[in-house]
Every structure is written in structure tokens, then in C-alpha cells.
Amino acid sequence: MSDEAAKKVIRIAADVLNLPVEQVTRQTAPTNVENWDSVLHLNLVLALEAELGVQLEPEEVDKIRSVGDAIDVVAARLN
Amino acid sequence: MAATREEIDRLIADGAPTGARAALAALWHEQPTPAVASFVVSRFERLQAGGMKLQPFKVAILRSFTVEPIVPLLRALGFVAGLNLIVRIGEFNAYTQEILTSGNWLDEFSANLTILAVQARDIVPDLFERYADLSQEAVANHVQQATDAYRQILTAARARLGGHILVHSLELPDTAIGSADAVVETRQREAIQRINLAIGDIAKSARDVYVLDYDALIAERGRTAWHDERKWIMARMPIAAGEMIHLARQWMRFIHPMSGRICKALVVDLDNTLWGGVIGEDGIQGIRLDDSFPGAAFRNVQREMLSLHRRGILLAVCSKNNPADAMEAIQNHPGMILRPEHFACLKINWLDKAENLRAIASELNIGIDSLAFVDDNPVEREWVREQAPEVTVIDLPDDPLGFASAVQKAPVFERLSLTDEDRSRAAMYAEQRMRLELSQSATSVEDFYRSLQMRAAIEPVNDKTLARAVQLTQKTNQFNLTTRRYTEQQLSAALSAKVSRGYTISVRDRFGDNGIVGLALICLNGAVCEIDTFLLSCRVIGRTVETALLAHLAEEASRAGASKVSGWFVPNKKNAPAADFYSKHGFSLVQEKDGAARWELDLGCGQIAWPEWIACERGSADER
């Protein structure tokens with residue numbers, strides 16, 4: 001896992017989920033963020049794509065169940 | 001470098017909303033991405049909760065696909081333009097029921113703008129997917145059905161909803177028949193184009209219904225880049241993440257004029273904005289302005305500005321230069337597309353640009369928030385943003401080939417319609433500036449009048465001029481002796497009386513045609529010619545046009561056997577410029593009542609002299 005990916009994803013997640021950046025960790029997930037619904041989930045995926053200039057595959061999107069998962073998907077793409 | 005999110009949050013926490021707002025705009029401008037949009041939206045909401053007032057504008061989106069991720073982008077664009085866009089989205093693919101069923105959320109929401117965003121593959125799936133199977137007749141039926149559906153939906157929406165309506169036209173498909181599409185009987189792309197033409201016709205015949213050319217938007221961005229088939233299958237979101245901003249921007253091009261967030265004038269820099277190079281250093285031979293690179297880029301931006309000028313946007317110059325150097329280039333450089341006559345105001349000096357912008361606004365008699373400013377120098381742009389935050393600053397890319405498009409895409413120049421008055425407005429302002437310059441260089445006022453080479457035509461009010469005559473009675477406040485307002489019906493009724501006459505005066509001069517600029521209504525009743533209305537548009541005040549019109553009235557009055565001309569001066573809040581009109585022309589005060597004054601002129605004591613510097617082209621009421 002690259003630190004660069006972690007930093008980027010946490011920043012984007014904080015923006016989209018409207019959380020202070022220091023409160024976002026690998027464990028941040030729909031189960032512990034009240035307003036993280038399907039719309040916000042799609043917003044997060046699209047925000048990651050727009051920021052990174054990629055289109056994620058459906059399998060990659062399916063893997064994202066937490067900020068940690070998102071970091072792993074993005075790190076794999078950046079490698 | 002824009003402020004960081006932490007710095008912005010500190011500004012908000014410290015109670016510095018103006019600074020926070022500027023920093024948010026700068027951050028958004030640097031990175032207009034979905035993540036930054038979410039940040040910008042949440043912070044503007046915080047600022048509003050803290051008391052910041054922004055103009056609200058409600059948008060309802062009825063749709064056949066997922067638009068939710070575009071909403072933060074749209075709202076961020078709105079916030080930085082000073083708008084609080086309140087967005088509600090209809091149920092997925094339920095637009096028909098939502099419009100046809102009254103008593104639902106649409107009534108309660110009462111949107112300023114309702115967007116109908118429907119994709120071709122949703123409303124005419126057969127034309128998209130089964131095209132190769134369809135007979136010519138079946139294609140015609142599908143086209144007809146879709147057209148009928150749009151007519152039904154848009155008619156019902158117009159009848160039921162207030163505010164504006166914006167409908168997306170349909171995207172042209174990849175052809176099911178392949179390369180032969182253009183030459184087969186049932187051309188697939190043509191079928192969709194026919195539906196689009198029908199949508200345009202329906203919109204054109206309805207009030208406040210507009211069309212977003214969705215196919216043109218996709219074409220501009222590139223069809224391949226626009227679509228994300230994976231997200232369409234997964235989440236009914238057909239647009240690629242990086243392209244969503246462009247649909248939001250396209251919506252804003254309608255929202256700006258609908259909400260009044262528009263600019264009336266574009267103020268431009270010269271060096272490296274209108275031409276390549278620096279005139280003060282490179283000289284007229286050295287600046288780049290031709291059909292090669294980079295001169296061609298500057299000619300493109302000038303062409304774009306000329307097109308704004310033709311649409312009624314005023315152009316002005318604000319440049320740090322020696323005026324003589326810059327004017328020589330504007331007047332004489334063979335590559336210039338814009339010339340002095342295109343500019344309503346030129347500020348070429350070494351003063352601070354924010355000051356100059358204020359002076360330009362006041363000279364053009366428009367608010368400073370009606371100005372847009374374009375300059376290649378980011379330092380000047382930043383300075384204006386800080387010192388004159390009401391001005392809309394248009395950012396330019398580093399590459400001059402992108403300048404024209406940056407100007408063309410500025411939503412503040414969008415209008416919902418284009419009238420003849422719009423087309424001639426910018427030219428009239430520029431002519432006015434040249435008259436002013438002439439008056440400043442003339443040695444005497446008579447000298448100035450003569451140099452204008454004025455020609456006036458006086459005509460009885462007729463069918464062709466009635467509307468303009470009525471408009472003058474409605475709009476003229478400054479040079480208006482009685483301020484009597486007329487409707488078309490009232491004026492034509494008044495003029496049908498045998499004793500009544502109405503005259504318009506139109507004036508041309510060496511700089512251009514001012515059109516009809518004055519109106520007089522008189523009543524010839526035996527010995528007295530009574531002036532009912534006498535007014536002059538502010539365009540020609542101070543040029544003795546009023547004397548010409550009065551001379552004509554006096555002549556008509558004596559010809560009809562009257563021995564006196566008389567009329568009231570009724571003061572209003574703004575007509576002080578006309579207060580001495582009667583006394584200046586030899587009338588005597590005969591009565592005063594409730595602040596109004598009645599004046600009289602004995603025609604036996606001589607006529608009113610027609611000003612010698614105005615050539616006369618007269619008509620007569622007797623020819624009616």
C-alpha cells in the first residue's frame with residue numbers, strides 16, 4: 001500500500017463524506033458513517049475516478065466497502 | 001496557489017466570510033473536481049448558516065438517468081457565482097407521471113427552473129437498439145410517438161409549472177446499420193434529428209421553454225470520452241466522472257441569464273490579450289496579430305469579442321500603456337478586428353485597474369457587478385478579484401489559442417433571447433463615446449453641433465412608429481415635460497381625434513443613426529395649440545434636437561391658424577433637465593398650480609428658429 005494513495009483517498013473521502021480529514025481512517029465505512037448511503041457511495045467512486053483520471057472496473061467498485069478498500073484499489077492502479 | 005482546506009476552515013471559524021468565500025472560489029477554480037465540489041458546497045452551507053446571504057434559485061431535475069453525482073458540481077458552480085441553488089430530483093424515469101399528475105412535489109417546490117433530462121435510449125429505445133429490424137413505416141411511427149410524447153409533456157409542464165423549462169434534446173446514436181446509414185431509406189441518425197427539430201419547434205412556440213443541445217455537448221467533449229458504459233450498467237449513470245462538470249456548466253449557461261447573474265460589458269486588457277507582445281516595447285510593427293501562430297490566436301479572441309458586441313455586450317478597454325501607442329495599434333494595425341468604434345469606453349493609462357473598472361462602470365452608467373474583466377496577467381486578475389470583488393473575472397489559460405473559447409464559454413454573456421435592440425446597443429454606446437470625445441475637442445458648443453452633421457426627420461406618428469412612440473412615453477423620465485404615459489390603445493385613440501396631432505423625430509449624425517428619439521403630441525383647438533406631451537430620449541439631450549421639434553410644432557400651429565402655443569411643465573423626480581425648456585424658448589409663465597407651471601408663447605411675436613446645424617427632413621400631419 002502506498003502512502004500517496006492513502007493520502008489522496010482519505011482527502012477525497014473527507015471531502016465527499018463531509019468529515020474532518022483527521023477523522024477518516026482505513027476503517028471508515030458505511031457501517032460507521034451515518035450519511036454514507038448509495039448516492040454518497042457513487043459520488044465517492046466518481047470522485048476517485050475524476051481525481052485519478054481512470055474508469056474503475058465493476059469488480060474494483062464492488063471491492064470498495066470501506067476507505068481502506070478504496071485505498072487498496074487506488075494503490076493497485078497507481079502501481 | 002489557492003488556500004488549503006484547513007486555511008479556509010480557519011477563515012470560516014474566525015468569522016471572515018468574505019475571505020473564506022474568495023478562497024473557496026480560488027480553490028474551486030484551480031480544481032473543479034467532484035471532491036472539491038463537495039467541500040465547496042459544505043463550506044458554503046456553513047457560511048450561509050452563519051448568516052451569508054446568497055440569491056436562492058430552485059432547480060427541479062426530472063430525469064431518465066442518474067444525475068445525483070452532478071448536483072454537487074452544479075451547486076459549487078452556483079455558489080461561486082453568488083447563487084444558492086436548491087436542487088430537487090424527480091424519481092428515476094418517472095418524469096411523465098410527475099408532470100402529468102398534479103398535486104405532487106413539483107407544486108410545492110415551485111422551481112425557478114425545471115430541467116427535463118431524458119436520454120434517447122430511454123425515450124426511443126427501439127430507434128436505438130432495434131433499428132436494423134425496423135421498416136420505414138415503423139421508424140416514422142416511433143418518431144411520431146416520441147414527438148407526441150414531448151409535445152404532451154412540455155405542454156403540460158408549461159401549463160402547470162411556473163418558472164423556466166429546459167429540455168435536453170436527444171443524443172445521436174452510433175448507427176445500427178453501420179456505414180451505410182446515410183444512404184439507406186430509413187436513416188437512423190436522421191430519425192433522431194427529426195425528433196430534435198420537433199423539440200425545438202415545441203420549445204420555440206411556448207413561453208420560457210429552452211433546449212439544451214445535448215448531442216452538441218457530447219460532440220464537443222468527444223463521444224468516446226463522454227460515456228461510461230460500466231457506470232451505466234452498474235448505476236444508471238451514463239456520463240464519465242470527469243465529464244459530469246461539463247453538463248453542470250451547460251446548465252449554468254441557462255441558469256445565469258435566468259437568475260440575472262449576467263454581465264452587460266466586457267472589459268479587456270490589450271498587451272498579450274488582444275494582441276501578442278507589448279505595444280510599448282515591440283511597437284506596431286512588432287506585435288503579433290496575423291494569421292500565423294501566435295497572432296491568429298489573438299485574432300480569434302477579437303472575433304469572439306466582436307460577436308459579443310453584435311449581441312449587445314458592450315466592450316471596453318482597460319490597459320496600462322501610453323494612450324498614443326495603444327490607440328495607434330487599435331486604429332491602424334492591419335490585423336485588428338476590433339476598432340475604436342467597437343469600444344464604448346477606453347481607459348488606457350497607468351492607473352490601478354480596479355479604479356479604472358469603477359470609472360468604466362460609472363461612465364457606462366451600469367453597476368460594477370455588470371462588468372466582466374479579461375486579462376492575460378494572473379496578477380491583475382487576482383488584484384481585481386480582491387479590490388473589486390463584484391466584477392466577474394474571466395480566467396485565461398496559458399495558451400493564447402484557448403483565449404477565444406474562455407471568453408465564448410463565460411456564462412455571464414448568455415441571454416435567453418436576442419432582440420434588435422440588443423444587436424444595435426453596443427454600437428450606439430460606442431457612437432455616444434465618440435460624440436463625447438468630439439464635444440471635448442470642439443472649441444465652442446456651436447462648433448460641436450456643426451461637426452456632428454445632424455439630420456432630423458419629423459413625421460406624424462403612424463402604424464410603423466406607434467409602438468416606439470408608446471415606448472417613449474413609458475420609458476422617458478428626464479426630458480419629459482408632462483410625463484403622461486400612454487398604452488398603444490390610448491395613444492391611437494388620442495390621435496384619432498381630429499384636433500390631435502403626434503410627431504416623432506428621428507436623428508442621424510456622422511457617427512450613426514439614433515432612430516426615433518423624440519415625441520410631441522399637440523391639440524390644435526382654435527387659437528391655442530396645446531402641448532400634451534413633449535419628450536426626448538436621453539441619447540440626444542443637449543444637442544438642440546428639442547428646439548427643432550418645437551420649431552416644427554410652432555410652424556404647424558401657425559399653419560392651422562393658432563396664435564398661441566402653450567403647455568405645462570409638470571415636475572417628476574428626474575425631469576429637472578427639462579425645467580427651463582419653455583423659458584429658454586421665449587415662453588412666458590402664465591399659471592402655477594400644485595408645483596406645475598403653465599407656459600405660453602405668442603406666435604405673433606415671431607417663430608421659433610430651427611437650429612441651423614440640423615439638416616431637416618420634414619413630414620406633415622396633413623398627409624395622413
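**Aromatic pairs and charges over rings**

Q: In this predicted model, which ring has Arg88(B) over its face?
A: The model is predicted. Arg88(B) sits 5.6 Å from the ring centre in question. That ring belongs to Phe109(B).

Q: How far is the charged end of Arg5(B) from the centre of the ring it sits over?
A: The ring is that of Phe39(B). The charged end of Arg5(B) lies over this ring, and its distance from the centre is 5.4 Å.

Q: How many aromatic pairs does a search of the whole structure find?
A: The search covers all chains. The total is 11.

Q: Are the rings of Phe44(B) and Phe79(B) stacked or edge-to-face?
A: Their centres are 4.8 Å apart. Planes under 30 degrees apart count as stacked. Here the angle is 0 degrees, so the pair is stacked.

Q: How many residues apart are Phe44(B) and Phe79(B)?
A: Phe44(B) belongs to helix 3 of chain B, residues 34-49. Phe79(B) belongs to helix 4, residues 71-80. The pair links distant parts of the chain, and the separation is 35 residues.

Q: Is Phe44(B) buried or exposed?
A: Buried means under 20% relative accessible area. Phe44(B) has 0%, so the residue is buried.

Q: What is the geometry class of the pair Tyr449(B) and Trp613(B)?
A: The ring centres are 5.0 Å apart. The planes meet at 35 degrees, so the pair is tilted.

Q: How far apart in sequence are the parts that Tyr449(B) and Trp613(B) tie together?
A: Tyr449(B) is in helix 22 (residues 445-452) of chain B. Trp613(B) is in the loop between strand 18 and strand 19 of chain B. The parts are 164 residues apart.

Technical notes. Residues numbered from 1 in each chain as written. Chains lettered and ligands numbered in written order. Predicted model: local features only at pLDDT ≥ 70, side-chain atom pairs only at ≥ 80, totals over all residues. Heavy atoms only, no water. Phe/Tyr/Trp six-rings, centres within 6.5 Å; stacked < 30°, edge-to-face > 60°. Helix = DSSP H or I, 4+ residues; strand = E, 2+ residues; numbered from the N terminus. Buried < 20%, exposed > 50% of the residue type's maximum accessible area, 1.4 Å probe, protein only. Lys NZ or Arg CZ within 6 Å of the ring centre and 35° of its normal.
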